[in-house]
Amino acid sequence: MKYDEKTINVYNEKTIDYQKMTKSFAEMLVEKDFAASIPVGGCVLDYGCGPGRSAGYFAECGLQTHAFDASFKMVKLAKTYTDVKVWQGSFESFSAHNTYDGIWASFSLLHARREDMPNLLKKIQIALKTGGKLFFSLKLGAGQNRDALGRFYTYYEEKELRDILKTSGLTWESHITGASEGLDGNLSDWISVRAHA
């Protein structure tokens, strides 16, 4: 289980372009909903935080906020949010136990290989407190592929995700679907899932 270096290199090269992408109204709503689901002063993790905008928002909401990303340039940007504890790390190196009231993994786990996803979700489940919330977004579809920029993606259908979550000890709460334009300029279908430990 190893992170995809080509994908990380794209994020290191396109950091400023990624930071310039504006949040949609839907993204802002789900961030607000996630923050509201966490106990006052609770501890959350932005899992694959990119430039740290979501982490910064959670800190503004009064939450103890941690964040990590595999891209050193993304981590540098995320560290400008002084109320967020940020470090460089990969999905594979992440380890915590009964620590977080919530984990936010918005369009990050989609870069993990399919065979690694059950173990990664199990590690997330272990890192969450009992009842702790998980929010994650992935691209809908089948198979694995690289986009026009060279980033690696794994695509999922809803039923497969439900099965993986169940075997990882996580409970599916709700989901939404949609489509949006990514960093590569292409429109992609996605699914966002709310679950809990």
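Is Asp-46 buried or exposed? Select Asp-46 to begin: this residue is buried, with a relative accessible area of 2% (buried means under 20% relative accessible area, exposed over 50% and partly exposed in between, with a 1.4 Å probe and protein chains only).

The model is predicted, so local features need pLDDT of at least 70 and side-chain atom pairs count only at pLDDT 80 or more, whereas totals for chains, interfaces and linings use all residues. Residues are numbered from 1 along each chain as its sequence is written, and side-chain values use heavy atoms, with hydrogens and water left out.

**Around Asp-46**

Asp-46 lies in strand 1 (residues 43–47); helices (H or I, at least four residues) and strands (E, at least two) are DSSP runs numbered from the N terminus. Next, display the contacts of Asp-46, leaving aside neighbours within four places in sequence: Ser-54, Ala-55, His-66, Ala-67, Phe-68 and Trp-104 (contact means heavy atoms within 4.5 Å).

Now select the seven strands of the open sheet, which has the order 3-2-1-4-5-9-8 and mixed pairing (two strands pair if DSSP finds at least two bridges between them). At the edges are strand 3 (84–88) and strand 8 (171–181), each pairing on one side only. From one strand to the next, the twist averages 15° (axes are lines fitted to C-alpha atoms, for helices over the stretch in contact, and angles run from 0 to 180 degrees between N-to-C directions).

Move to strand 8 and strand 9 (residues 187–196), an antiparallel pair with 10 bridges. Trp-172 has Ala-195 in strand 9 as its bridge partner. Helix 3 (residues 25–36) packs on the sheet and touches strand 1, strand 4 (100–106), strand 5 (128–139), strand 8 and strand 9. The direction of helix 3 makes about 165° with that of strand 4. Helix 4 (residues 53–60) also packs on the sheet, touching strand 1, strand 2 (64–69), strand 3 and strand 4.

**Helix 7**

Select helix 7 (residues 158–167), where Leu-161, Ile-164 and Leu-165 are buried. Seen down the axis, the buried residues of helix 7 fall within an arc of 100°, so they line one face of the helix (the arc is that of the directions from the helix axis to the C-beta atoms). These buried residues pack against helix 6 (117–127), strand 5, strand 8 and strand 9. On the face turned away from the buried side, select the exposed residues Lys-159, Lys-166 and Thr-167. Finish at Gly-169, which follows helix 7 and has a positive phi near 85°.
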